[in-house]
Amino acid sequence: MAERAVAVPAVGHAAERLATALGRVPWWAWVLAVYSASRVVTTSILMAFAARQEDNPWTEASPGYLDFARLWDGHWYWIIAAVGYPDEIPRDDDGLAQENAWAFMPVYPMLVRAGLGLTGGGSAIDFAAVAVTISVVAGGAAALLFHALLRRWMSAGAAMLGTALFCVAPLSPIYQVAYAEALHLALLFLALLLVLERRWAPLAVVVTVMALTRPSGLAFALLLTLVWLWRWRRARRGIEPFGMRERVTLLSVTAVAGFAGLAWPGIVALATGDFLGYTDTELAWRRPYIGDVHLVPFTPWWQGAQWWLGDVLGPVALVTVLLLAACAFALPAMRRMPVELRCWIVAYALYLLAVFFPQSSTFRLLVPLAPALGAIALGIVSVGNGTLGRRLPRAAVGPVRGVLAVLAIAIGIAGQVLWVHLGWWVDAYDWTPP
């Protein structure tokens, strides 16, 4: 009995020492640990599908990881990294633009080209090794910046849960393949941090690079326009100063973002002598769905809804989804999000609605809306604080939060399996590119 009496306090002291030691681990180490663990899970999912992969236009059957990671648009990035862009827009006998490398912005493939120059490689597997390395490192940087972004408006625990949701999100395999999304996310989160901190000068540089990595400059210009109007209104009400110098600076950065958003179409026009080369190239990817159409803002989603679900059900489904998305801004967790981040969600969503056609790759285009994951995490850790939550027994609040957190992570991992199956993995009848 004496030994047991001594053992219990000893166990308690050991637990306290362990908790103290864990508490000394810096936040960035926790984030990188979560990101690394998520990469193990995602790699396992990708390799399980690679083992079942049949012959396809890019790889042989049952390819290794690097070959499997360079499917789809990865092949276009390899072409750009290896030989650059074509001198002109390829067109068919009817003058219609065909799919070509000008659809892909230059920062990521040029960074890969620089990596290939340093390593001396040039084969497809060399490209994949460099491209995946850049993506994985950029994904880790994105996770760190995402956590820093969340910490601006929520507790450490909620921010860590939000970061975990980001790391295991259904589209998170994109962080470790030969795509530009991970690099773009790192730049985007850095840009949003600079907006929250109102560091306008470095923001102009970051936004310019970001806009030449993935299409986002015009959306960011709209974000900054909304922020300018919000700040001006607060100043008019005497809530917060918004001096003339900052007004002019913010307007200047907004103009930079707008020009950056238009830069690539302009570069394509100058390089090829084809004024509509970029937009015609983008339209080539939607031609198999709806034929040869002109780009009229805010019509692609209506056309897509009709194509996917019919002339009646499609528009009804589209309007319903948009109304539900709008109503989500009334949720307590969303209302606690900084106005600047809510403005980004609105601006980017409007940009997608204006120019993109909904198809299987649209899920990938939704990834920049990741700050919404923070609201989900905040909603989970806030269970028990609202009117409905107060009805829970105090002892049940913690377990309920834990179950919801585990469920959200499990849904993310299950979503990865579904997305890799529907989008990344190539079957004999595949027409759902990621």
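This is a predicted model: local features need pLDDT of at least 70, side-chain atom pairs count only at pLDDT 80 or more; totals for chains, interfaces and linings use all residues.
A residue is called buried under 20% relative accessible area, exposed over 50%, and partly exposed in between.

Asp67 pairs with Arg70 in a salt bridge, with 3.0 Å between the closest N and O atoms. Arg70, at 8% relative accessibility, counts as buried.

Asp274 and Arg91 form a salt bridge whose closest N and O atoms are 2.8 Å apart. This pair ties together distant parts of the chain, 183 residues apart: Asp274 lies in the loop between helix 11 and helix 12, and Arg91 in the loop between helix 4 and helix 5. Asp274 is buried at 16%, whereas Arg91 is partly exposed at 31%.

Next, look at Glu240 and Arg198, whose side chains meet in a salt bridge at 2.2 Å, N to O. Glu240 sits in the loop between helix 10 and helix 11, while Arg198 is in the loop between helix 8 and helix 9. Through shared partners, salt bridges join Arg198, Arg231, Arg234, Glu240 and Glu246 into one network.

Arg198 brings us to the helices on either side of its loop. The axes of helix 8 and helix 9 come within 9 Å and cross at roughly 160°, which means that helix 8 is roughly antiparallel to helix 9. Their contact has 13 nonpolar, one polar and no charged residues.

Finally, Val31 in helix 2 is buried, with a relative accessible area of 0%. Its contacts include Leu144 and Met160.

Definitions and conventions
Residues are numbered from 1 along each chain as its sequence is written. Side-chain values use heavy atoms; hydrogens and water are left out. Axes are lines fitted to C-alpha atoms, for helices over the stretch in contact, and angles run from 0 to 180 degrees between N-to-C directions. Helices (H or I, at least four residues) and strands (E, at least two) are DSSP runs, numbered from the N terminus. Angles under 35 degrees count as roughly parallel, over 145 as roughly antiparallel, 65 to 115 as roughly perpendicular and the rest as oblique. Ala, Val, Leu, Ile, Met, Phe, Trp, Tyr, Cys and Pro count as nonpolar, Asp, Glu, Lys and Arg as charged, and the others, Gly among them, as polar. Buried means under 20% relative accessible area, exposed over 50%, partly exposed in between (1.4 Å probe, protein chains only). Contact means heavy atoms within 4.5 Å. A salt bridge is a side-chain nitrogen of Lys or Arg within 4 Å of a carboxyl oxygen of Asp or Glu. Lists of a residue's contacts leave out its neighbours within four places in sequence.
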